Amino acid sequence: MALTLVLGGARSGKSRHAEELVERLMPPWTYIATAQAYDDEMVERIALHRSRRGAEWRTLDAPHDLADALNGLPAGRPVLVDCLTLWLTNRMLADGDVAAESAALVEALAGHGGPVIVVSNEVGLGIVPDNALARRFRDAQGRLNQMVAQRADRVVFMVAGLPMNVKGSG
Amino acid sequence: MALTLVLGGARSGKSRHAEELVERLMPPWTYIATAQAYDDEMVERIALHRSRRGAEWRTLDAPHDLADALNGLPAGRPVLVDCLTLWLTNRMLADGDVAAESAALVEALAGHGGPVIVVSNEVGLGIVPDNALARRFRDAQGRLNQMVAQRADRVVFMVAGLPMNVKGSG
Amino acid sequence: MALTLVLGGARSGKSRHAEELVERLMPPWTYIATAQAYDDEMVERIALHRSRRGAEWRTLDAPHDLADALNGLPAGRPVLVDCLTLWLTNRMLADGDVAAESAALVEALAGHGGPVIVVSNEVGLGIVPDNALARRFRDAQGRLNQMVAQRADRVVFMVAGLPMNVKGSG
């Protein structure tokens, strides 16, 4: 039913807050992970996040086919998607058509027949990046965030682990 | 009369929101563009923004003499200035006295005899940039944003296309 | 008694706002400075900040031993800590155990027997930094900000010199 976007910077407590939102709902909960371990830093982060979740969580990995993973789920069950930024990174590195894929993803998120909590990074509040790929990523991420926010019933912006209300209310 | 600052990151929907604010007012509307096309990326962005605006818009280009452009307008008509970040970039690359020019610009914005909506980027929420020019730009932009915000009747901070209220109310 | 976190980007008016919050309280006020002048840019900034403060301020320098400085103060008097970002920078460059030291610092901040206003930077809202040290710093800063925010009675997020309320109320 309801779509919630949890947006924030690095280490702003997005994932933890999103998990808390899902755990207020009736289990079982589905966790769709988009992380792909390119290096040791990532392996460590994935393991840390996974160890935090309890037995009522079922985990799916969808580093690329995120819309398909969402569309394949049984309707009505709470889903956490963590996160759009890693999915977008994976798709850009795989040279995907991110504009079209972003549009399809937004349809899958908004069209799911149950509560979806989706985590994404805000990456546009620093100085313009030096390299063109980073600028393209920043643009694609900003557009995707806007599209999701437009369709979302609720948007929160995380600041130091605390949610600020941007759209809807808790 | 009223001065509104629409602040946000890259691809946060600042320009679109600012246009919507102006289009609630009585036409004709004046659009003051500060963009200067240094490369193809910029040419494309300028064309995209321009194509979005309808026939009731009159466009002025003021990549450098922004205060003069504002002071030369007939009083009382709604004005959109898009954006302070490109103006500041142009002035720094032209080796202008940005502190003095920023002060003069703020007077022109606050002194215009009609509604002014001004768009600017927040650029200070990332890691300290490596190079000194980027640090100087970040400081100058932050100071300019503070000066405009202090004189503004209304300030909104854009998050994923949605305005958060910082000062005044809609 | 109360702990207030003033969080924001570069040139967002954090220090000025924090000083105003302290100056509403009964003097004398203690200013704990964490800045260490590595270069001329820093010397200039420190001097500028210092010149803004009046005679009722007593200044302590604690670029490294911040928890000790807090623990050594007489209880009950208003304290301004400016800022956590420079302290964390100093500790990382000195190869300190920043996780353990951050935890001890948060205890000292929360355990002080009087009003403490603490300034910190949000640095996680840009593109992922290229170099590993910057990424580690960004993570450590985000974690420290979350820990302080959790213990704080009040958290404000500065936007162009204006405080947005994140936790508690003014």
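A crossing of two helices is called left-handed if the near helix is turned anticlockwise from the far one by less than a right angle, and right-handed if clockwise. With that convention in place, α4(B) passes α6(B) in a right-handed crossing. The contact involves B:Leu84, B:Thr85, B:Trp87, B:Leu88, B:Thr89 and B:Met92 on the α4(B) side, and B:Leu133, B:Arg136, B:Phe137, B:Ala140, B:Gln141, B:Leu144 and B:Val148 on the α6(B) side. Contact here means heavy atoms within 4.5 Å.

Before I continue, a word on the model. It is a predicted model, in which local features need pLDDT of at least 70 and side-chain atom pairs count only at pLDDT 80 or more, while totals for chains, interfaces and linings use all residues; side-chain values use heavy atoms, with hydrogens and water left out. Residues are numbered from 1 along each chain as its sequence is written, and chains are lettered from A and ligands numbered from 1 in the order in which they are written. Helices (H or I, at least four residues) and strands (E, at least two) are DSSP runs, numbered from the N terminus.

Let me stay with chain B. Two packed helices are described by the angle between their axes and the distance between the axes. The axes are lines fitted to C-alpha atoms, for helices over the stretch in contact, and the angles run from 0 to 180 degrees between N-to-C directions. For helix α4 (residues 84–93) of chain B and α6(B), the angle is about 135 degrees and the axes are 11 Å apart. The two helices are therefore oblique to each other. As for the classes, angles under 35 degrees count as roughly parallel, over 145 as roughly antiparallel, 65 to 115 as roughly perpendicular and the rest as oblique.

How does helix α5 of chain B pack with helix α6 of chain B, and at what angle? Helix α5 (residues 98–111) and helix α6 (residues 132–151) of chain B pack at about 25 degrees, with axes 10 Å apart. That angle makes α5(B) roughly parallel to α6(B). The crossing of α5(B) and α6(B) is right-handed. From α5(B), B:Val98, B:Ser102, B:Ala103, B:Val106, B:Glu107, B:Leu109 and B:Ala110 take part, and they meet B:Ala140, B:Leu144, B:Met147, B:Val148 and B:Arg151 of α6(B).

I turn next to helix α6 in chain C. Spanning residues 132–151, α6(C) has 20 residues and reaches 29 Å from its first C-alpha to its last, close to the 28 Å expected at 1.5 Å a residue. That expected span is 1.5 Å times one less than the number of residues. At the start of α6(C), a side-chain oxygen of C:Asn131 comes within 3.2 Å of the backbone nitrogen of C:Leu133. The buried residues of α6(C) include C:Phe137, C:Arg138, C:Asp139, C:Gln141, C:Leu144 and C:Val148. Buried means under 20% relative accessible area, exposed over 50%, and partly exposed in between (1.4 Å probe, protein chains only).

A:Thr85 is found in helix α4 (residues 84–93), and it counts as buried at 10% relative accessibility. Which side chain makes a polar contact with the side chain of A:Thr85? The partner is A:Gln141, at 2.7 Å. A polar contact is a pair of N or O atoms within 3.5 Å; within protein, one must be able to donate a hydrogen and the other to accept it, and residues adjacent in sequence count only if both atoms are side-chain atoms. Not counting residues up to four places away in sequence, A:Thr85 touches A:Ser120, A:Asn121, A:Phe137 and A:Gln141.

A:Leu80 lies in strand β4 (residues 79–82) of chain A and is buried, at 0% relative accessibility. Beyond four places in sequence, the residues that A:Leu80 touches include A:Ala18, A:Val22, A:Tyr31, A:Trp57 and A:Ile117. A:Ala67, in helix α3 (residues 66–71) of chain A, is buried with a relative accessible area of 19%.

Finally, some backbone details. A cis peptide bond joins B:Pro27 and B:Pro28, with omega about 5 degrees, and B:Pro28 lies in the loop between α1 (14–23) and β2 (29–33) of chain B. Another cis peptide bond joins C:Asp82 and C:Cys83, with omega about 5 degrees.
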